[in-house]
Amino acid sequence: MDPTRVTAQSLTVLAASTGLPEAARGRMVQGRFYDVGHIRRGDRVAVIGDQAAKLLGVTRLDRAPAIFIGEHAYTVIGILGDLRRERNLSTAVIVPPTVGARFGLRDVTRVLVNTSLGAADLIAGQAPAALSPGNGDMLQVVAPPSPTRARDQAQDDVNALFLILGLVSLVVGAVGIANVTLVTVMERVPEIGLRRSLGAARRHIAAQFLLESTLIGLTGGVIGASLGVVTIVAVSAAKQWTPLLDPWLAVAAPVAGAVVGLLAGLYPALRAARMEPVDALR
């Protein structure tokens, strides 16, 4: 870096306590952050963000580069980067509170609080009273999304996806049952004609094929529910989880299969019932 180089940039100047790097989930890319001694002595030191360092052309700290804030020079002792929170600090100049007071930065306008996982909502409710007893209503608290809320939202999305897949499977199953039943009707035309000639009414023929398609759907529902239960138990045992099964779903699957089979067999059954005995036997 050229020590005689002068660069004019408009950057945000912030005053912060010594715990800022930890609160912002960042690290010192170069140098160090100022400590309590710097604050007490009112040393003219500053820490800049990594993007601010690029804008100012600060690449090394071994030569004690300085930046001017107003008419006074401040020695850069550290570069803050890899920020996971408050990324706007990457383009800021951070000075000790005693130095910031010279620029009118006396009042605390923002507090960052790190919490343990799952404690954000509790701390958000207690922080106003702890920071400003009696005037907590004047503070605005912004809490991060709760992991439970995010988990529930993800679970809802997964449930919706499986519901769509289940509906698609029902439609495909219904088409398959309809095709099988229709093929069966075409292959059993002589049988239909013989039964009609022996006195069977149209409703008897339709009921026969509706019963067969319903049994096919019921069988498919029982097999599918059984495979689902076995899969859940097997995965839970492999992962050492506790399987949770809703008995209503196990009962509803065969019923849904029977209903799908009944609806899928309507057209083939009606077609079989409309056959005339003479045409069928011919």
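Me: Which residues touch the most other members of the largest nonpolar core?

Reply: Ile48, Val58, Ile67 and Val93 do, in a core of 15 residues. At least two residues of this core come from each of strand 3 (45-49), helix 3 (50-56), strand 4 (66-69), strand 5 (72-81) and strand 6 (92-95). Another core, of 13 residues, lies apart from it, and its members include Ala16, Ala24, Ile39 and Val45. This is a predicted model, in which local features need pLDDT of at least 70 and side-chain atom pairs pLDDT 80 or more, while totals for chains, interfaces and linings use all residues. Residues are numbered from 1 along each chain as its sequence is written, and side-chain values use heavy atoms, with hydrogens and water left out.

Me: What makes a set of residues a nonpolar core?

Reply: Its members are buried Ala, Val, Leu, Ile, Met, Phe, Trp, Tyr and Cys residues, joined through side-chain atoms within 4.5 Å.

Me: Why is Ala64 called partly exposed?

Reply: Buried means under 20% relative accessible area and exposed over 50%, with partly exposed in between (1.4 Å probe, protein chains only). Ala64 has 45%, so it is partly exposed. Ala64 sits in the loop between helix 3 and strand 4. Across the protein chain, 29% of the 282 residues count as buried.

Me: How are helices and strands told apart, and how many of each are there?

Reply: They are DSSP runs numbered from the N terminus: H or I of at least four residues for helices, E of at least two for strands. The protein chain has 11 helices and 6 strands.

Me: Why is helix 8 called roughly antiparallel to helix 9?

Reply: Helix 8 (residues 202-239) and helix 9 (residues 247-264) pack at about 150°, with axes 7 Å apart. Angles under 35 degrees count as roughly parallel, over 145 as roughly antiparallel, 65 to 115 as roughly perpendicular and the rest as oblique. The angle therefore makes helix 8 roughly antiparallel to helix 9. Axes are lines fitted to C-alpha atoms, for helices over the stretch in contact (heavy atoms within 4.5 Å), and angles run from 0 to 180 degrees between N-to-C directions.
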